[in-house]
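Could you walk me through this structure, moving from its strands to its core and then to its charged pairs? Please keep it in plain paragraphs.

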Amino acid sequence: MTNAPTPTERRRFAPRPADFSGFVRAQNARLVDGTGRPLLLRGVGLGNWMLPEGYMWRFGPGAESPRQIESLVTQLIGEDAADAFWEEFRDSFITESDIREIAASGFDHVRLPINARVIQDEDGAPIEAGYAMIDRLIDWCRGHRLWVLLDLHGAPGGQTGTNIDDSPHGIPELFMSDRYRLLTIQLWEELAKRYAGETVVLGYDLLNEPLPNEWQYRYAGELAALYQDLTAAIRMHDPDHLIMYEGSHWGTNWDMFTEVWDDNSCLQFHKYWSAPDAGSIAAFLEARDRLGLPIYMGEGGENTLEWIYTAFRMYETYEIGWNFWPWKKLATVTSPVSVVPPAGWGKVVAAIDDVDAISRPEAQRVFDDLLAAIRIENCESRADVVAALLAEGPAVLPSWGFGYRGAGESYGTAVSPTVPGIRDGDHVAINWRQPGDNPTNPFEQSDGRPYHPAEELVVELDTDDWLEFEVATRVDPATTRVLDRSGKDAPVRIHTSERGLRVVATTRTAISRVIPGGAGW
């Protein structure tokens with residue numbers, strides 16, 4: 001990238017190449033590759049490429065869904081120019097350079113969100129230009145040793161009824177129309193026919209976040225029946241690929257998973273803006289044990305470095321593979337890659353409410369500039385996001401981000417009261433840094449901004465109490481800083497440990513964060 005060093009220029013993350021000698025599959029409630037090697041998947045989602053989402057463009061109401069965004073572009077530059085824009089956008093937003101960087105950064109797979117309108121016409125016929133995008137991605141990933149998880153993010157008619165699924169009327173018509181249901185089955189049959197035998201394809205993620213909010217109850221039976229019909233349709237053509245089922249209500253409601261529909265399947269949940277503690281994933285762990293199926297965290301992110309570091313350590317401790325959302329978007333500090341908005345972008349945003357906010361010639365110039373800006377070589381790197389995800393040189397460790405292996409392994413503390421609902425299962429005293437006017441949920445953040453003092457948490461330690469923080473790279477105790485409630489150096493000793501570093505209180509104190517030394521950029 002031209003504006004900032006790439007993650008691999010700033011530090012050498014260990015690559016995790018995929019093995020294409022066989023199919024990824026379920027085995028004994030875990031995932032293994034074709035050689036039988038256990039997998040702990042680490043990946044990123046290619047959001048906004050085949051299915052644009054308004055927040056990734058800094059758009060608000062009126063330009064949030066793909067249809068609304070397409071309408072805005074057409075309104076501002078005309079139909080022919082808009083068609084040309086989208087063709088080049090799909091050639092530029094994700095390129096082989098992105099895939100090369102994803103692999104070099106230490107990931108092993110990508111999740112590809114697919115909009116049905118890109119690969120299937122209204123009569124159910126395949127759109128070859130859309131399939132060419134998938135084929136191109138698979139070829140790039142073959143060369144750079146990444147698996148590809150195919151994710152139907154926008155099903156015919158819409159599976160969520162929100163802006164994220166491209167639903168025509170803002171309701172989940174997939175479950176209201178036999179026509180849309182048939183088109184969805186035909187779409188997955190076509191995917192299965194094309195990619196049966198392709199070991200670069202990790203598996204089939206049948207529906208992204210189906211039936212949120214009130215819909216999760218109204219059409220619960222229809223969703224379970226559709227999942228079973230999709231499974232049968234896929235297995236007619238493809239006996240080998242892993243099938244993934246997401247829970248309803250943003251992937252979090254797993255009530256429908258009462259039996260095993262396919263032996264080679266996996267259950268997927270998503271997790272945003274909630275406490276990163278074992279209680280928050282207990283239902284998913286229970287389903288894994290009860291059904292003997294692997295589980296996977298298919299979307300999470302859009303948060304602070306502290307939350308990212310902590311949540312993803314939790315997944316790995318509980319042997320849950322994951323996928324971070326998303327790889328790239330405009331003007332962000334929460335994704336690995338940030339697109340620099342072109343001059344005049346604010347006028348494009350203003351045109352959502354006032355089409356006269358920008359002239360057609362100026363809008364054309366801005367969209368032309370955007371096509372250059374979205375190429376990875378012109379973007380800004382957020383290497384600290386990758387570092388937090390992989391625990392390789394993380395910039396900061398929150399006090400509440402200690403390990404998840406329990407007393408005697410991840411901490412040794414006297415039992416004290418804690419803030420309810422945050423790591424309740426751990427006997428560690430987590431409290432507010434600044435009591436009074438504290439939020440109900442301090443993790444409800446999407447812009448990655450620093451915590452306000454009233455949002456920050458501290459861990460209170462007695463003399464000789466200790467916490468372990470898991471870091472994959474060497475940490476220098478002599479240059480590591482541990483800050484107390486007031487932001488000053490806390491009275492602690494710091495030791496390296498097998499899994500990272502251990503902080504031991506030398507007198508009673510409250511620590512807010514750890515700034516690792518010798519592991520930064």
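This is a predicted model: local features need pLDDT of at least 70, side-chain atom pairs count only at pLDDT 80 or more; totals for chains, interfaces and linings use all residues.

Three strands make up an open sheet, ordered β1-β2-β3, with antiparallel pairing. Because β1 (25–27) and β3 (38–39) stand at the edges with a single partner strand each, one side of each has no neighbour in the sheet. Strand β2 (residues 30–32) is joined to β3 by two bridges, and the two run antiparallel. If you look across this pairing, you will find Leu31 opposite Leu39 in β3. As background, strands of a sheet pair through backbone hydrogen bonds, in either a parallel or an antiparallel way.

The largest nonpolar core contains 163 residues, and Ile134 and Leu150 have the most contacts inside it. Setting aside neighbours within four places in sequence, Ile134 touches Met50, Leu112, Ile114, Ile119, Leu150, Leu191 and Tyr195.

After α4 comes Gly106, which has a positive phi, near 110°.

That leaves the charged side chains. In general, side chains of opposite charge can pair when their charged atoms come close. In this model the count comes to 41 salt bridges. One of them joins Glu198 and Arg142, at 3.0 Å from N to O. This pair links distant parts of the chain, 56 residues apart: Glu198 lies in the loop between α7 (178–195) and β7 (201–205), and Arg142 in helix α6 (residues 128–144). Glu198 is buried at 17% relative accessible area, whereas Arg142 is partly exposed at 36%.

Glu286 and Arg290 meet in a salt bridge at 2.7 Å, N to O. They are four residues apart in helix α11 (residues 282–291), so about one helical turn separates them. An α-helix has 3.6 residues a turn, so residues three or four places apart point the same way. Glu286 is partly exposed, with a relative accessible area of 39%, and Arg290 is also partly exposed, at 42%.

Further along, Glu456 and Arg513 form a salt bridge whose closest N and O atoms are 3.0 Å apart. Here too the partners come from distant parts of the chain, 57 residues apart, with Glu456 in the loop between β17 (429–432) and β18 (457–461) and Arg513 in strand β23 (residues 509–515). Glu456 is buried, at 8% relative accessible area. Finally, a network of salt bridges links Arg111, Asp151, Asp205, Glu246 and Glu299.

Terms used. Residues are numbered from 1 along each chain as its sequence is written. Side-chain values use heavy atoms; hydrogens and water are left out. A nonpolar core is a set of buried Ala, Val, Leu, Ile, Met, Phe, Trp, Tyr and Cys residues joined through side-chain atoms within 4.5 Å. Buried means under 20% relative accessible area, exposed over 50%, partly exposed in between (1.4 Å probe, protein chains only). Contact means heavy atoms within 4.5 Å. Two strands pair if DSSP finds at least two bridges between them. A salt bridge is a side-chain nitrogen of Lys or Arg within 4 Å of a carboxyl oxygen of Asp or Glu.
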